[in-house]
Structures are given as C-alpha cells and as structure tokens.
Amino acid sequence: MAACTRRLDKVMFSIRLLRNIQQKNERFLSTSMRRLDEGSDGGKPTKFTPPPKPVIIDKTQSEASLRKFLSPEFIPPRQRINPLKFAIERKDMIQRRKVLNIPEFYVGSVLAVTMADPHASGKTNRFMGICIQRGGHGLGATFVLRNIIDGQGVEICYEMYSPRLQQLEVLKLEKRLDNNLMYLRDALPEYSTVNLDMKPVPHSVTGDVPVNKTRVRMRPKPWSKRWERPKYNVQGIRFDLCLSPEKLEHAQKWAEPWREYDMLKEYDTTALEERFLKEVQTEMSKSTCP
Amino acid sequence: MAAWTCRFLLYRGARVLAGRTGAVAAADSCLFQSVRTVKTTTWWEEHLTEDNKSYMRKSLGEEYNRQIAAKLHPLKDEPWPRQEWTKESRRVGLVAVKLGMAPVWTKTGERHVVTMLQVQDCHVLNYLSKEEYDGHTAALMVGGKNASPFYKSDEEMEMFRLAGVPPKQKVTTFKVSDNAIIKPGTPLYAAHFRPGQYVDVTAKTIGKGFQGVMKRYGFKGQPASHGQTKTHRRPGASGPGGDPAKVFKGKKMPGMMGNVFDTAHGLKVWRVNTRYNVIYVHGSVPGHKNCLLKVRDTNLPTYVEKNINPPFPTFFCEEDEQLPEDLYDEDLFIHTQPSLTL
C-alpha cells in the first residue's frame with residue numbers, strides 16, 4: 001500500500017514518470033487493442049528496450065483500482081515441499097515472464113497461441129481456442145485450448161513456460177460458471193467453436209472480469225464422464241434438457257456432504273497469494289537486467 | 001534415546017464418578033491416558049525447567065553458528081596440501097537433500113525433467129587412511145544437514161567434536177584417492193559439481209511395506225475372470241518340479257519392498273545455483289522429498305571424459321574466483337533468453 005501511494009505521488013509530479021510506470025505495468029495487465037508506440041524518450045541514449053506491449057491504460061485511473069491477478073500456478077500445492085524450491089522456481093517463472101508476456105486469462109477465455117514449429121511453413125504455428133483447463137504448478141503449468149476445425153474437435157495442451165511459445169494473446173477475457181470446461185467435449189459443437197478470424201474483444205483492466213453465464217446443451221448420453229454427479233460440481237450444463245429429475249436425484253447419491261467439513265482439506269491461500277502477488281509485482285516492475 | 005513404553009488405560013469409570021459428584025477434573029475430557037512403565041532412561045528435557053530448555057535450544061543455535069563461522073575459511077586454517085587432478089584420482093562426494101522436481105528445456109526445445117538437490121551444511125568429518133579403511137583406498141567421512149546433539153550418543157558425538165562441526169543427520173564414507181584427501185572440518189558446497197558433469201546419486205528408496213509379487217517384481221498375475229478361483233495376483237509356479245524337488249534360493253516372493261539403498265547412475269548435472277547450493281540433476285533419484293542423498297562422480301566408463309578437470313579436491317569458496325549465482329550447462333535454455341525460433 002505504501003508503494004502505491006508513493007507511486008501515486010510520482011504520477012502527480014511528472015508525466016514522464018507516469019509513462020515509464022505504464023510501460024513497466026504493462027507486463028501484468030492484458031488488453032488486446034493496439035496503441036501507437038509513444039515514441040522514444042528524447043535525450044539520453046539508452047540501450048535498446050523492446051517496444052511496449054499493446055496496452056490500453058486509462059490515465060485517469062490510479063494503480064489501486066487495477067485488477068489484482070495472481071496466476072494460479074504461483075500458488076504452491078499443499079505438500080511437504082521445502083518453500084525454497086518454490087522460491088527458486090518463482091524466480092525462473094518471473095524471468096520468463098519478463099521475456100514473454102503471459103497475460104491474465106481464466107478458464108473460458110479465448111486465447112491465440114503462436115508457437116515455434118520447425119515443420120511448419122514460416123516456422124510458427126498459430127492456434128486459437130477456448131481455454132478449458134489450467135493445470136500444473138510452477139514451471140510445469142499448462143493450459144488446454146479447445147476449438148473445432150473443419151468439424152473436428154481439437155484440443156492442444158500448452159506449457160506456459162515452454163521456450164517454444166512466442167506469443168499469447170487474449171482475444172476475449174471472460175470467466176465461466178465452472179473452472180474446468182472439460183464437459184465441452186460432450187456438448188454441442190457450437191459451444192466449442194471459435195471463429196479463426198475472430199477480432200480481439202477489448203476488455204477493461206479494472207473491475208471484475210465478466211462472467212459468461214451460458215449453460216451449455218449437451219449431446220445425448222453416453223458422455224465421457226458422468227457430469228451430472230456432484231463430484232464434478234458442474235454449474236454450466238442444462239441438465240433439465242437432457243436428464244429427467246429422477247436421474248438427477250439418482251446422481252445425488254454420489255454426493256459426499258461431509259467433504260465440506262473435512263478440516264484436512266482446508267487450504268487457506270489468501271496470505272500466500274498476497275505475498276506472492278507483491279513479490280511478482282515488485283520483480284516485474286524492475287527493468288530487465290542488463 | 002529414551003525407549004520407554006506406556007500403557008493406555010481407559011478411564012471410563014473415573015469420568016462417570018466425576019459427573020455424578022459434579023466436580024470437573026482437568027484431565028477428564030480424554031478417555032485414554034498413557035502411563036509410563038519404564039523409568040530407567042530419560043530424555044534431555046525431562047528434568048529441565050522451561051527457561052532452561054529454551055536456554056539450551058538458544059545456546060545450541062549459537063554454538064552451531066560459531067562452529068560454522070570458524071570453518072568458513074578452510075584455506076587459512078593450515079589446510080592439507082592441494083594436489084593436481086589426474087585421470088586416476090577419485091574425489092570426494094557430497095550429502096544433499098532432495099527438494100523436488102522441475103522441468104527444464106534445451107536450446108533445441110526438448111523438455112527434460114530435473115531433480116533439485118540442495119547441499120545443506122555439508123562438512124568433511126574424518127579421514128581414514130588406506131590402512132585404517134580397507135587396505136586398498138583411503139576414505140573420507142562426510143556429513144550433511146545439521147541435527148540436534150541431544151539425541152546422539154557420546155560415541156557418535158566424538159567424531160563431530162574432533163572435527164569441530166555441528167552434529168549431522170547423515171554420515172557417509174566416500175572412497176578417495178590419496179591425492180584428493182581434505183582436512184576434516186572443511187565445508188563442501190554445491191559448486192563442487194559443475195554443469196555438464198555426470199553423477200551417481202544413492203539414497204534409501206521409498207518404503208512400500210510388505211508387498212505382493214506383482215508390485216514387487218512385476219509378475220503378470222492371473223486373469224480377472226474366466227473361471228479363476230481365488231487366484232488373481234498370486235505368483236503361480238515356484239520352480240521346475242521333481243528334478244530339483246526344491247525351491248531355489250533367491251526365488252522372487254512377496255516381502256518387504258523399498259527402504260533399501262539404491263543408486264541412480266549417470267545423471268547429468270544441468271545447472272548449479274551457488275547462492276542456495278542447489279544442484280539440478282537429470283531425471284529422477286531414489287528417495288522421498290526432503291530425504292538425504294549421497295552424490296558422487298560417476299563410475300560409468302561412458303561418461304569418464306565428461307568429468308575431466310573438476311574442482312579438485314573440492315571447491316573452496318574463498319580462494320576460487322567468485323562464481324556467478326547460476327551456472328548453466330551449454331545446452332540449457334535460460335529463461336532470460338528470448339523465445340526459441342526453431
């Protein structure tokens with residue numbers, strides 16, 4: 001908080017400092033509208049700095065109102081692992097994030113990924129789709145993108161910190177009712193199709209992420225998993241259109257109502273999240289090392 | 001090391017009485033109480049007051065820091081003569097702690113997994129000459145990861161006292177050639193191994209308890225259906241038949257699995273972090289997370305030429321040039337580099 005007020009004071013003092021801070025803050029803010037390059041700072045000859053990432057920053061808004069987002073792979077799992085291991089991995093992750101901009105996205109957002117591919121013409125291939133799952137911790141964090149191309153469903157699992165990834169763009173930033181959309185495999189294809197010529201949809205960097213409350217219609221059973229069972233806790237399926245009330249009641253037999261009282265499964269990550277968020281923000285705001 | 005036994009008694013009667021009389025006793029809430037039956041041995045804090053206990057713990061920590069600080073500059077402390085590395089010389093190894101695993105990528109985009117091993121407070125404890133050890137090679141005893149002296153016997157503590165280091169959790173012996181001996185008390189660091197070298201890692205495997213023959217030796221078992229009567233995971237036949245008319249010694253049968261020492265050979269060192277003393281070693285190593293391992297140069301003949309000209313007899317922090325915080329193998333992709341364009 002003190003850092004924010006200090007930064008606010010600097011913003012009041014000089015516009016140039018504001019511009020510098022904007023350029024530093026671009027790393028953990030994500031939008032997709034292009035903005036003309038502001039032009040180099042006149043005067044002192046500096047070493048080459050990469051061009052600023054395309055970002056919309058509302059100059060009237062203070063840093064305190066920006067949305068705080070910590071990518072879920074920074075949060076360590078609940079295991080008996082020495083925290084030093086996570087600290088060293090976090091350093092590597094931050095180093096990689098300074099080179100490749102990994103934007104904020106959630107399960108349900110539409111992403112486009114450009115990856116190095118030695119067998120493709122132009123040596124890169126670009127794939128876009130809905131993010132249906134985010135998994136893994138630390139450097140091995142992954143996300144799965146799903147799309148339907150020429151009638152064939154395609155899912156690709158990308159590793160976020162792989163050096164072959166060259167660009168990650170968020171075309172549409174939104175959340176869904178669940179944080180795992182694997183049921184789209186058994187849903188009607190219209191819900192998994194993403195138009196390949198889709199233009200990026202602008203989104204704001206403040207306030208809450210829009211939640212897409214669509215509930216998906218499913219293909220007839222059998223499904224790959226019994227999504228009606230309470231262990232998957234799926235909110236985004238129109239069960240009333242595909243299952244009778246007796247079947248839904250029968251599925252509730254697999255409910256485990258005691259699990260919410262299981263104290264060994266409690267894992268409060270709020271303190272860890274705050275600490276890591278502050279660490280990531282301070283490290284990212286430091287300029288690229290010489 | 002007080003090995004006392006206790007009896008667990010059920011105090012149901014006392015509880016009912018207390019309820020009737022209305023008096024509330026402090027130890028009333030638990031039905032079980034333990035009663036100490038063997039009273040000959042004692043543990044270190046049994047007869048101490050609270051402030052004495054905290055004083056002992058505090059002075060222990062201070063003593064450790066003093067001992068480690070005294071040993072920080074081995075080259076100024078009458079070190080034993082340093083000799084040059086030759087092809088036949090064998091140098092000492094380290095004791096490390098297994099932190100966990102992580103992915104790494106090469107400059108060509110291939111992904112490998114590495115295990116991170118941290119060298120915590122590793123010191124050379126003792127030197128055994130050729131005659132003392134086995135008549136053929138000299139040996140050095142090395143210990144890693146400080147432990148509490150309160151639970152070590154006097155015989156164990158004698159070696160640590162002579163070397164002037166805090167007591168260690170794991171003490172191992174490394175066979176060394178005569179030109180690689182080091183004075184006891186010298187600290188050993190992760191920079192003893194450099195990226196590109198190959199190591200062998202020995203540790204106790206995770207104990208699985210008493211296991212059947214399918215898990216222990218990978219037997220195929222029997223089919224699940226088609227008339228099998230009560231036989232799905234059994235070993236089946238146990239030998240030839242009437243001619244030997246016996247079961248040979250060493251027949252694979254169910255038994256205790258794991259919790260034995262196993263070595264992973266020929267593991268490449270990808271990266272060394274000199275600030276936290278972490279070695280990144282290729283693939284997986286035996287043992288659970290936070291277990292203690294023994295790391296030494298490979299014996300495999302195929303990697304002999306990768307291990308030439310190592311820091312000999314070990315890496316001395318003060319004398320050798322200031323190493324950068326991270327040492328990387330030449331094939332390794334460092335995350336500060338730009339993304340790969342294959």
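This is a conversation about how named features of a predicted two-chain model follow from their computed values.

Trainee: Which parts of chain A does the pair of A:Phe69 and A:Tyr106 tie together?

Mentor: A:Phe69 belongs to the loop between helix 2 (15–25) and helix 3 (83–99), while A:Tyr106 belongs to the loop between helix 3 and strand 1 (110–116), so the pair ties together parts that are 37 residues apart in sequence. Both A:Phe69 and A:Tyr106 are buried.

Trainee: How do you know that A:Lys175 lies over the face of A:Tyr106?

Mentor: A:Lys175 is placed at 4.8 Å from the ring centre of A:Tyr106, and that value is within the 6 Å limit for a charge over a ring. A:Arg229 is likewise over a ring face, that of A:Trp254, at 3.4 Å from the ring centre.

Trainee: Which residues have the most contacts inside the largest nonpolar core?

Mentor: That core has 58 residues, and those with the most contacts inside it are A:Phe143, A:Tyr161, A:Tyr183 and A:Leu184. At least two residues of this core come from each of helix 3, strand 1, strand 2 (124–135), strand 3 (142–149), strand 5 (165–172) and helix 6 (270–285) of chain A. Another core lies apart from it, with 40 residues, including B:Leu140, B:Ala180, B:Tyr189 and B:Phe315. In soluble globular proteins, nonpolar side chains tend to be buried together.

Trainee: What does A:Tyr183 touch, if residues up to four places away in sequence are not counted?

Mentor: On that basis A:Tyr183 touches A:Asp178, A:Val216, A:Met218, A:Trp227, A:Val234, A:Gly236 and A:Ile237.

Trainee: Why are strand 7 (168–176) and strand 8 (187–188) of chain B said to stand at the edges of their sheet?

Mentor: The sheet is open, with 4 strands in the order 7-6-5-8 and antiparallel pairing. Strand 7 and strand 8 each have a single partner strand, so one side of each is left without a neighbour in the sheet. For strand 8 of chain B, 2 bridges join it to strand 5 (residues 122–128), which reaches the at least two bridges needed for a pair, and B:Cys122 stands opposite B:Leu188 there.

Trainee: What makes strand 14 (residues 292–297) of chain B mostly covered?

Mentor: Of its 6 residues, 5 are buried. Strand 14 of chain B runs antiparallel to strand 3 (residues 94–105), to which 4 bridges join it, with B:Val295 as the bridge partner of B:Leu94. Strand 9 (residues 198–204) of chain B is also antiparallel to strand 14, again through 4 bridges, and B:Asp200 stands opposite B:Arg296.

Trainee: Why is A:Asp150 called exposed, and why does A:Lys123 count as partly exposed?

Mentor: A:Asp150 has 80% relative accessibility, which is over the 50% cut-off and therefore exposed. A:Lys123 has 41%, which falls between the 20% and 50% limits and so is partly exposed. Neither is a glycine, yet phi is positive in both, at about 65° for A:Lys123 and near 55° for A:Asp150.

Trainee: Why is B:Arg233 called exposed?

Mentor: Its relative accessible area is 55%, over the 50% cut-off, so B:Arg233 is exposed. B:Arg233 lies in the loop between helix 5 (213–217) and strand 11 (255–257) of chain B, and B:Arg233 touches B:Val213, B:Met214 and B:Gln222, residues up to four places away in sequence not being counted.

Technical notes:
Residues numbered from 1 in each chain as written. Chains lettered and ligands numbered in written order. Predicted model: local features only at pLDDT ≥ 70, side-chain atom pairs only at ≥ 80, totals over all residues. Heavy atoms only, no water. Buried < 20%, exposed > 50% of the residue type's maximum accessible area, 1.4 Å probe, protein only. Lys NZ or Arg CZ within 6 Å of the ring centre and 35° of its normal. Core = buried A, V, L, I, M, F, W, Y, C linked by side-chain atoms within 4.5 Å. Contact = heavy atoms within 4.5 Å.
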